[in-house]
Structures are given as C-alpha cells and as structure tokens.
Amino acid sequence: MAGDAAAQTADARAAVPHLGRAIRARRRALELTLKDLGERSGLSVGFLSQLERDLATPSLSALSGIAGALGVPLDAFLATPRPASGLTRRGERPVFAIGDAPPDRIRYERLSTAFPGQALNAVLVHVPPGYASETVQHEGEEIAFVLEGSLLVGIGGESIRLDSGDSLHYPAGRAHRWSNAHDGWTRVLWTGTAPIFDRLRDDS
C-alpha cells in the first residue's frame with residue numbers, strides 16, 4: 001500500500017527531542033498558564049497537559065497553533081522540510097513526523113513552498129490505523145481530500161465519513177477533529193489557509 005511505503009521513509013529527526021518539555025519550558029518562560037496557552041491556541045487544557053508530559057503527540061496544525069501562541073516559529077519545535085520550488089516529485093519528497101511516537105505515527109509530506117504573498121499550505125497526510133487527532137479550531141479554512149482509505153471528520157457536532165475520492169471544505173474556526181476510519185493506512189491531501197508553515201514576508 002502506498003501509505004505504508006511512504007510512511008516508512010519518515011525522518012525521525014524532524015522533531016526536537018522531548019517536544020513536551022520544550023513547549024512547557026517556553027510557556028513557563030512567558031509566564032503563561034496552561035489555560036492561557038489553551039485560550040491562545042484553541043486547544044484544551046487536558047490535551048496540553050498530556051502533551052507537556054510527552055503523553056500525547058499533536059497534529060501538525062495543533063503544533064503550529066501552539067508555536068504561534070508561544071511567539072516562536074514552527075521550526076522551534078519541528079524541522080519541516082521546505083520544497084526548493086513549487087514543484088515536487090512523487091517519491092522524492094521528504095516525509096516527516098512529530099515527536100518520539102512509535103513507528104506507526106502519523107506522517108506528512110510537504111507539498112507547498114514559501115514565497116511572498118503565499119496564502120496556501122498543503123501536505124499529504126499518512127494516517128495510521130487507530131489514529132485520532134485532538135480537537136482544534138483556528139483561523140482560515142481547510143479542504144480534506146481522501147486519496148486512499150477512510151477518514152472520519154467531526155465538525156460542529158456532526159460526524160462525517162469520507163471515503164476514497166470524497167472531500168470536505170470547512171471553516172477552520174469551527175471546532176474539528178478527525179480520525180482514521182479504515183483498518184489500514186489512510187492518505188489525505190490537506191490544503192488550508194492557516195499559517196502552518198513559515199511564510200516569506202512581501203517587502204515589495
């Protein structure tokens with residue numbers, strides 16, 4: 001299965017060691033409580049508490065929200081590879097993951113690059129069986145297109161199943177979460193306007 005093959009190529013060095021400790025140290029340096037960080041990032045205090053104790057692994061969008069709330073770029077916690085240009089080739093994109101989770105953790109392939117005025121971010125997401133994300137809400141909008149497998153999306157109190165070939169476009173300001181609804185790996189093309197990756201400033 002394509003998802004299995006791509007997932008096996010992930011760079012385990014993508015995240016800083018002990019991600020939770022690094023987040024806690026930055027939060028305390030700013031004299032923020034977990035409640036403060038939760039309000040700024042749109043994440044629950046319970047999830048953040050687990051994360052800081054390295055008992056949970058955030059999704060890419062959640063980690064980006066945490067970094068923004070703490071006033072640091074995403075690469076303070078995660079070394080995400082940036083394509084040299086807007087062109088990427090199948091089988092040549094580096095795959096990265098977050099944290100020190102087991103080999104079957106969720107993995108990402110970055111599709112979007114950065115240039116002045118850039119607004120979109122896109123990744124291929126390889127979702128392992130049994131994975132369920134935290135609930136998040138943030139600025140912007142998102143589109144999830146299932147390439148392989150099935151995804152269960154919870155948004156605004158509604159549960160929506162997406163199978164291969166299905167897509168969902170929704171405002172990211174509504175609380176949302178998703179999980180793998182398939183007994184194998186699920187591959188999803190995710191596109192959104194939230195500032196997941198750093199952008200180049202347009203000084204022109």
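Let me start with a salt bridge: the side chains of Arg27 and Glu52 meet, with N and O 2.6 Å apart. Please keep in mind that the model is predicted. Arg27 belongs to helix H2, residues 19–29, and Glu52 to helix H4, residues 45–52, so this pair links distant parts of the chain, 25 residues apart. Are the two partners buried or exposed? Arg27 has a relative accessible area of 8%, which is under the 20% limit, so Arg27 counts as buried. Glu52 is buried as well, at 5%.

Another of them joins Arg93 and Glu109, at 2.9 Å from N to O. Arg93 sits in the loop between helix H5, 60–69, and strand S2, 95–97, while Glu109 is in strand S3, residues 107–110, so the pair ties together parts 16 residues apart in sequence. Both Arg93 and Glu109 are buried.

Next, Asp163 and Arg161, which also form a salt bridge, with their closest N and O atoms 2.9 Å apart.

Now to the strands. Strand S8 covers residues 167–171, and its side chains alternate. One place to look is Phe145, whose bridge partner in S8 is Ser167.

On to the loops. Most residues other than glycine have a negative phi. Glu31 is not a glycine, yet its phi is positive, about 55 degrees. You will find Glu31 in the loop between H2 and helix H3, 34–41. Its relative accessible area is 71%, over the 50% limit, so Glu31 is exposed. Asp54 also has a positive phi of about 55 degrees and is not a glycine. Asp54 is placed in the loop between H4 and H5, and is partly exposed at 36%.

Arg53 is in the loop between H4 and H5. This residue is partly exposed, with 48% relative accessibility. A polar atom of the Arg53 side chain lies 3.2 Å from the backbone oxygen of Ser49. Arg53 and Arg21 are 32 residues apart in sequence, but their C-alpha atoms are 7.0 Å apart in space.

The largest nonpolar core has 45 residues. Which residues have the most contacts inside it? They are Ile23, Leu60 and Val125. H5 gives the most to this core, with six residues. If you select Val125 and leave out residues up to four places away in sequence, the residues it touches include Ile106, Tyr108, Trp178, Val188 and Trp190. Thr186 is also among them, as are Arg107 and Arg187.

That is where I'll stop.

Conventions: Residues numbered from 1 in each chain as written. Predicted model: local features only at pLDDT ≥ 70, side-chain atom pairs only at ≥ 80, totals over all residues. Heavy atoms only, no water. Salt bridge = Lys/Arg side-chain N within 4 Å of Asp/Glu carboxyl O. Helix = DSSP H or I, 4+ residues; strand = E, 2+ residues; numbered from the N terminus. Buried < 20%, exposed > 50% of the residue type's maximum accessible area, 1.4 Å probe, protein only. Pairing = 2+ DSSP bridges. Core = buried A, V, L, I, M, F, W, Y, C linked by side-chain atoms within 4.5 Å. Contact = heavy atoms within 4.5 Å. Polar contact = N/O pair within 3.5 Å; in protein donor to acceptor, adjacent residues only side chain to side chain.
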